[in-house]
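Here are my notes on the helix packing in this one. Have the model open as you read.

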Amino acid sequence: MTISRTAVQAALAQVTANVPDLASRMPKIEGPPFDGVTIEFGSEGEVMLVAHERGMDTVPYSTRNAEELAHQATLRAVWGFALNWEKNNRDRFPEYRDDTRLTRVAKQIEILRRIDPRWAEEFRASVPANYSGLAVDRVDAHPLLSS
């Protein structure tokens with residue numbers, strides 16, 4: 001089954017409807033090959049996230065499902081959004097300066113909960129495997145998630 005450009009646009013629009021600030025961070029569909037991630041359509045009907053960095057292209061994700069693509073694109077966009085947000089809000093949470101990943105991960109979960117609670121729980125469950133030494137209970141106790 002081939003995914004249409006319209007289906008991909010609709011899936012991305014559904015995500016950003018809940019978090020409009022995320023729209024500028026979402027991968028662009030067949031955008032120019034700059035450093036970053038774009039969405040491209042393959043010749044076999046798949047849709048790919050293509051990472052462009054220093055003149056090299058890699059395909060970290062490929063699918064034939066628009067919702068799966070939106071999920072993966074969202075995870076990448078939310079990471080960048082949360083990273084920037086954490087840097088700009090570091091003074092709000094001085095008790096977490098020893099591990100800034102904690103605030104960033106809490107922000108990622110907070111944003112993902114607004115988009116799709118299942119995505120947030122899936123991401124939360126992946127924290128121990130993807131963030132060495134970062135305890136989920138410390139993330140859960142962060143003011144962003146405990147209020």
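1. Start with helix H2, residues 66–88: its 23 residues reach 32 Å from first C-alpha to last, close to the 33 Å expected at 1.5 Å a residue. Helices here are DSSP runs of H or I, at least four residues, numbered from the N terminus, and the expected span is 1.5 Å times one less than the number of residues.

2. Before going on: this is a predicted model, with local features needing pLDDT of at least 70 and side-chain atom pairs counting only at pLDDT 80 or more, while totals for chains, interfaces and linings use all residues. Residues are numbered from 1 along each chain as its sequence is written, and side-chain values use heavy atoms, leaving out hydrogens and water.

3. Now look at H2 against H3 (residues 100–115): their axes come within 8 Å and cross at roughly 130 degrees. Axes are lines fitted to C-alpha atoms over the stretch in contact, with angles from 0 to 180 degrees between N-to-C directions.

4. Which residues of H2 meet H3? Among them are Leu-75, Val-78, Trp-79 and Trp-85, and the H3 side includes Arg-104, Ile-111 and Leu-112. Contact means heavy atoms within 4.5 Å.

5. H3 and H4 (residues 117–130) have axes that come within 6 Å and cross at roughly 155 degrees, so these two are roughly antiparallel. Their contact includes Ile-109 and Leu-112 of H3, with Trp-119 and Phe-123 among the H4 residues.

Definitions and conventions: Parallel < 35°, antiparallel > 145°, perpendicular 65-115°, else oblique.
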